[in-house]
Amino acid sequence: MPCIRFETTDRTTEYPAGESVNVLRMAIRHEVGLPWKCGSGRCGTDRILVKEGADHLDAPRRRERERLGPLLDEGYRLACQTYTSGDLVVTWDPEQKGLDEGSELHAKLKERWLAAPDST
Amino acid sequence: MTDLLNESDFRDALEQAMTGTMAKDASFSRAWATGKLDRKHFVNWAVNHYHYVGAFADCLALIYANTPDSARDAKDFLLQNMYEEELSDDRHTDLLIRFGEVCGATREQIMDRRNAMPYTKGMAGWQYQLSATQHFAVATAAMVVGLESQVPSIYRTQYPVLIDEAGYGFTEHDCEFFDLHITSDEVHGERGYQIVLKYADTPALQQACIIAVREAADMRFNYTKSLYETYVKPDLGEWVEPTATEARVASLV
Ligand code: FES
């Protein structure tokens, strides 16, 4: 069975051969301690450095490309946006936070909360 | 009387409850994934899907109200799920309307309940009834495990052909609704399982959850099948699974 090794917390999880699994879903299911927040490619809290197994990953999705930018070339991925179909080894900074405090997204959210009610 | 299942057996039973009625295998989903649909079919889908998923956040709010403060993690999950549906980024139903508009519908047409199938209205009513009256673990089992956790498996087969130039030829922007749900519902689905596994803590509650998941999967399967019967069958006839070479986008089948 292929496995994902979450090296930072010294945890390994297996999944059935032939399946393609979401890395954050596996991390949540097996409570490996990977930080995350939004689960949809916006915050960047769940960025992982892929040490082995990059060839088994799906191509980066649009939100991941936009959120990570040049970090993608350095081997980072967003766990919530990444599917693997083979063995994988990843690490992360246990203290890491989202990538975007004070970002455009935060400004957009703030604007939304302060806006007039929706007309629809 | 059935014994209390351990976590692993209970999870297996919940997964088993959806076997054979996964919406990704229903005729409309298969026609979609194999490149057989036209834009007018997507308009019909958008209208009905709006009235099916439009009820979702309301239903989560009903479950939230029925969840005791002692289950704080469950309450927080429901609230976060609602927030992500409605406010954290683009409103999910707005992304759905965007796709419908690209296919030729108007916002008003999509939002007008009279344009939805009777089955869709019935399904929305079933969601409200279940969310308002059932124990929060049972309602979460139906709404999140039975319905929402299926989403990645459905859209992972439908999204590639949408944005493939040799397929339906939409842009990534047109189809953001699908891409977003592929990944966000992985997380929602998994958290839903965790809530159900934790709070369905008697044999009776576990069995009620298994029944609710089976019922939810059945509802979604038949809703998807009804889309084909109502809108596609008049054009394509009874659904017959194409061979790989017959499919418009053989590599994506
Ligand atoms: S959890 Fe926010 S980007 Fe993945």
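Biologist: Which helices of chain B each supply at least two residues of the lining of the largest cavity?

Modeller: There are four entries to note: helix H3 (39–53), helix H6 (92–102), H10 and H11, and each of these supplies at least two residues of that lining. Bear in mind throughout that this is a predicted model.

Biologist: How many cavities of 30 Å³ or more does a search of the whole structure find?

Modeller: The search finds four. The largest cavity holds about 180 Å³ of space. It is lined by 15 residues, and the closest to its centre are B:Val53, B:Glu85, B:Val151, B:His181 and B:Asp185. By class, the lining has seven nonpolar, four polar and four charged residues.

Biologist: How much space lies in the second largest cavity?

Modeller: About 90 Å³. Its lining has 13 residues, of which B:Ser29, B:Trp45, B:Ile154, B:Arg220 and B:Thr224 are the closest to the centre. At least two lining residues come from each of helix H2 (27–33), H3, H10 and helix H12 (203–236) of chain B. H12(B) has the largest share, four residues.

Biologist: And how do the residues of that lining divide into nonpolar, polar and charged?

Modeller: Eight are nonpolar, four are polar and one is charged.

Biologist: Which elements of chain A and chain B each supply at least two residues of the pocket lining?

Modeller: From chain A, strand E3 (21–22) and helix H1 (23–29) do. From chain B, helix H1 (7–16), helix H10 (151–163) and helix H11 (176–199) do. H10(B) gives the most, with four residues. The lining of this pocket divides into eight nonpolar, nine polar and 10 charged residues.

Biologist: Turning to the fold, how many helices and strands does chain B have?

Modeller: Chain B has 12 helices and zero strands. The radius of gyration of chain B is 18 Å, close to the 18 Å that the globule rule gives for 253 residues, so chain B is as compact as a globular protein of that length. Its C-alpha trace spans about 50 × 35 × 30 Å along the principal axes.

Biologist: In chain A, in which sense do strands E1 and E2 pair, and over how many bridges?

Modeller: Read a pair by its sense, its bridges and the residues that face each other. Strand E1 (residues 3–6) and strand E2 (residues 11–14) of chain A pair in the antiparallel sense over four bridges. One facing pair is A:Arg5 with A:Thr12 in E2(A). E1(A) and E2(A) form a hairpin with four residues between them. In that turn, A:Asp10 has a positive phi of about 55 degrees.

Biologist: Which residue of E5(A) does A:Arg47 stand opposite?

Modeller: A:Arg47 stands opposite A:Leu78. Strand E4 (residues 47–52) and strand E5 (residues 76–78) of chain A are antiparallel, with three bridges. E4(A) also pairs with strand E7 (residues 88–91) of chain A, in the antiparallel sense and over three bridges. There, A:Val50 has A:Val90 in E7(A) as its bridge partner.

Biologist: What ipTM and pTM does the model score?

Modeller: ipTM is 0.84 and pTM is 0.87. Confidence can then be read chain by chain. Chain B has a mean pLDDT of 92, and 96% of its residues reach 70 or more. Chain A averages a pLDDT of 86, with 82% of the residues scoring at least 70.

Terms used: Residues numbered from 1 in each chain as written. Chains lettered and ligands numbered in written order. Predicted model: local features only at pLDDT ≥ 70, side-chain atom pairs only at ≥ 80, totals over all residues. Heavy atoms only, no water. pLDDT = per-residue confidence, 0-100. Nonpolar A, V, L, I, M, F, W, Y, C, P; charged D, E, K, R; others polar. Pairing = 2+ DSSP bridges. Rg over C-alpha atoms; globule rule 2.2 N^0.38 Å. 1 Å grid on protein atoms, 1.4 Å probe; cavity = no way out; pocket = protein on both sides within 12 Å on 5 of 7 lines; lining within 4 Å. Points joined across faces, edges and corners; volume = space filled by probe spheres on them.
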